[in-house]
Amino acid sequence: MDIHPEKIVLAKGTPEIWPVPGDDEVVIVPLGGIGEIGMNMTFYGHKGRWIGVDAGVGFPSDEEDRERGVRATIVDPLSLEPILDRLDGFFITHAHEDHIGAIPFLWPRYLNCPIYCTPFAAGLISIKLEEHADLEDVDIRKFAVGERLTHSVFDIEAIAMTHSIPEPVALAIRACDGVIVHTGDWKMEPHPILGTDMDIRRLTEIGMNERVLAIVGDSTNAERIEGMTTEASVKRAMRHIMNESTGAVVVCCFASNIPRIHAIAEEAFASGRKVAIAGRSMVNAEAVANECGLMNALPYFLADFMHLEGLDQREKALICTGSQGEPRAILGRIARGRRNLPAFGPGDTVVISAKAIPGNEPAINECIELLRSRGVRVITGEDFVGEEKWPVHVTGHATQDEIRTLYSILKPLAVVAVHGTQEGMVEHALVASELSSVSHAIVPVAGSVIRVGAAGTKDITVQGAVPFSVGEVMD
Ligand SMILES: [Zn+2]
Ligand SMILES: [Zn+2]
C-alpha cells in the first residue's frame, strides 16, 4: 500500500474558542498527549454537551524542571473553565499514570462530574483519591469491559483491547449515524497470558455494519516497523532466567503491569523459588488485581519481603518497583545497600523488565552501575536471553502493521493521531493515509478543534486550537 501525503492534515494553532457542539456533529478536542507522551486528555462534544476521555499526568523530561521540583504536569484545570457547566463526565480507557494520574489533582476541587472506568482502574483511582483524602467526594462509576452505556447525550461502548495493564478499553462513541473509536493505548496480543483477548469480533462487526467517522488513535509506536511482540515471549525469558540463575533473582517492572508480574511470579514459583513483592505502588496494584479476580491461582506471595532473608539465594525471587532508576523505589534502595531490604551480591541477578521513559536514562544507568559494583549481574529491558533470544521486555503499543490491521477492519473516514511525539503522530497519519477509506489523516496540535458530522468526509474540518495551559505538580 502507498502513502498518500495529500490526505495529511497538519493542524494549526490559531486561537479558537471552545465551540458549542451542534446536534449533527461531534467535536473532538485533544488537549494533552499531543506532541508528547503523557498528560492524555481528549474531549468529545455533541448536542451542546462534553465528556472527557482520560486525565493523565505528564512526566517532566526537562532537567531544569526536575531540579525545580516539578514532579508531574497536568492540564491546567482553569483551561477547562469555559466548558465546566457543560462537562458531563470522564471516561477512562485504562489505569496507566498518563491516563489517570491527574485525577487526584483535579477532583473534587476543580471537577465534580462522574468518572466512568473499569473495576481495575476504579481500584487504583480510589487508592490515589484516598491518599488525598477525597475519595468520598468523587463519583466513580464502574463499567464492565464490553459494556455499552448511555450518559447525558453520549452513547458509549467499551471494547476490550490488549495493552500492558489489565482491562484496557477502546471507547466507541456513537453519534451522527456513525461511530468514533477512541482506541486508548493498545497492541495486538493474540493470546494474552492474563485477561481477555482484544475483541476483534466486535471491532469487525462495527467495521462491517456501522460507519466509522473517525479513529482517535495511539501513536506511541507508529514509527516502528517491527512485527508483533508478545508477553508470552517475555514469560519464556523469565523462565530461562529463573531456571538458569544459581542465585537470587530480582525483577522490576511497572507496578501496574499485572500480566507481567503474574508471568514473572509464575515462572519464579515453577523454578522452586519463594516470591515476594515490594514497593507500595506494586503491592497496591497486586491487591487491586486480586480483588478483581485477575491473579488466577498463584501460590501465595511471602507476606513480607524481609521473609526472603534466611532462605538460600537460589530460593529467592523478588518482584519490585524501581525500573526507572528512582532512588527511593525498591531497586534504587537495594542498589544503595539501604537497611531493611534483602541484600544481593555476586551470583545474584537483577532484571529490569521495562524500558526507560525518556529523561530517566541517567538515573537508570546510575542504578545499574551501583548494582554492578556490588557484583550483581544486571539484565536490562534491551536484552534478550536464551538460545531463542527471548526478550526481557516488550512494548505495550501497536507498531505499523498492527495499526494497518485494526484500521482496515474499522475502515474509518478520518484518523486523528494522538498519544505521541510529533514524529510519531506524523508517521501514524502517513500509515493511516494508505487506507482507501481514509480521507483525512489528521495531526492535531494541543487543543485542535476537529469536527466530524453525519455527511461524512465533507463534514470533517480542523480549525484552530482552544487555549490551554499546563499545570505543574511540585514534589
Ligand atoms: Zn498511555
Ligand atoms: Zn497505557
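**Salt bridges, step by step**

Glu 231 counts as buried because its relative accessibility is 7%, where buried means under 20% relative accessible area, exposed over 50% and partly exposed in between (1.4 Å probe, protein chains only). The model is a predicted one, in which local features need pLDDT of at least 70 and side-chain atom pairs count only at pLDDT 80 or more, while totals for chains, interfaces and linings use all residues. Residues are numbered from 1 along each chain as its sequence is written, and side-chain values use heavy atoms, with hydrogens and water left out.

**Exercise 1.** Characterise the contact between Arg 260 and Glu 231.

*Solution.* Begin with the distance: the two side chains form a salt bridge at 2.8 Å, N to O, the term requiring a side-chain nitrogen of Lys or Arg within 4 Å of a carboxyl oxygen of Asp or Glu. Finally, Arg 260 is classed as buried because its relative accessibility is 1%.

**Exercise 2.** Determine whether Glu 25 and Arg 451 are buried or exposed, and describe their pairing.

*Solution.* A salt bridge of 2.8 Å, N to O, joins the two side chains. It connects strand S2 (residues 25-32), which holds Glu 25, with strand S23 (residues 448-453), which holds Arg 451, across 426 residues. Both Glu 25 and Arg 451 are buried.

Note on methods. Chains are lettered from A and ligands numbered from 1 in the order in which they are written. Helices (H or I, at least four residues) and strands (E, at least two) are DSSP runs, numbered from the N terminus.
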